[in-house]
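Here are some exercises to work through with the model open beside you. Try each task first, then compare your steps with the solution.

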Amino acid sequence: QVQLVESGGGLVQPGGSLRLSCAASGSISTIYTMAWYRQAPGLQRDFVALINTGVSTNYADSVKGRFTIARDNAKNTVYLQMNSLKPEDTAVYYCNADLRTTAWARYTAWGQGTQVTVSS
């Protein structure tokens, strides 16, 4: 069994910063790509950022230059540093990991989400 647990969400004023973390645990052999998505009320879940095993990154246009994704392979953890936050960044943020288990199964695991609210 694999678990992804996000943390670091909260309430922040416009222009502020937050750092999200997502730690993967369980019967993990290899983690390939790790990514962040977000879902605002009434809307679909959208891609935010991705990082692969070679630390190559990709970002949604809406967050380029403001958000930075990073990973610590020794800790099976992915981070999302969010700067210059805007009210439209308000959403539940989810992490996912494309991984292979010790039983050699490959699938994408999702975390439970963490709320980020940007408001004055």
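**Exercise 1.** Find which residues of the largest nonpolar core touch the most other members.

*Solution.* Start with the term: a nonpolar core is a set of buried Ala, Val, Leu, Ile, Met, Phe, Trp, Tyr and Cys residues joined through side-chain atoms within 4.5 Å. Buried means under 20% relative accessible area, exposed over 50%, and partly exposed in between, with a 1.4 Å probe and protein chains only. The largest core has 31 residues, and W36, L80, M82 and Y93 touch the most other members. Next, look at the elements that give two or more residues to this core; among them are strand 1 (2-7), strand 4 (28-39) and strand 9 (91-101). Strand 9 supplies the largest share, five residues. Strands here are DSSP runs (E, at least two residues), numbered from the N terminus.

A word on the basis: this is a predicted model, in which local features need pLDDT of at least 70 and side-chain atom pairs count only at pLDDT 80 or more, while totals for chains, interfaces and linings use all residues. Residues are numbered from 1 along each chain as its sequence is written, and side-chain values use heavy atoms, with hydrogens and water left out.

**Exercise 2.** Work out which strands are the edge strands of the open sheet of four strands.

*Solution.* Two strands pair if DSSP finds at least two bridges between them. With antiparallel pairing, the order is 1-3-8-7. Strand 1 and strand 7 each pair on one side only, and are the edge strands. Then take the pairing of strand 3 with strand 8, which is antiparallel and spans six bridges. To place a residue, note that L20 stands opposite L80 in strand 8.

**Exercise 3.** Explain why the pair of Y37 and F47 counts as edge-to-face.

*Solution.* Rings of Phe, Tyr and Trp (its six-membered ring) pair if their centres lie within 6.5 Å; planes under 30 degrees apart are stacked, over 60 edge-to-face, and the rest tilted. The structure has two aromatic pairs. For Y37 and F47 the centres are 5.7 Å apart and the planes at 75 degrees, so the pair is edge-to-face. Y37 belongs to strand 4 and F47 to strand 5, so the pair ties together parts ten residues apart in sequence. Finally, ring pairs link Y37, F47 and W110 into a cluster.
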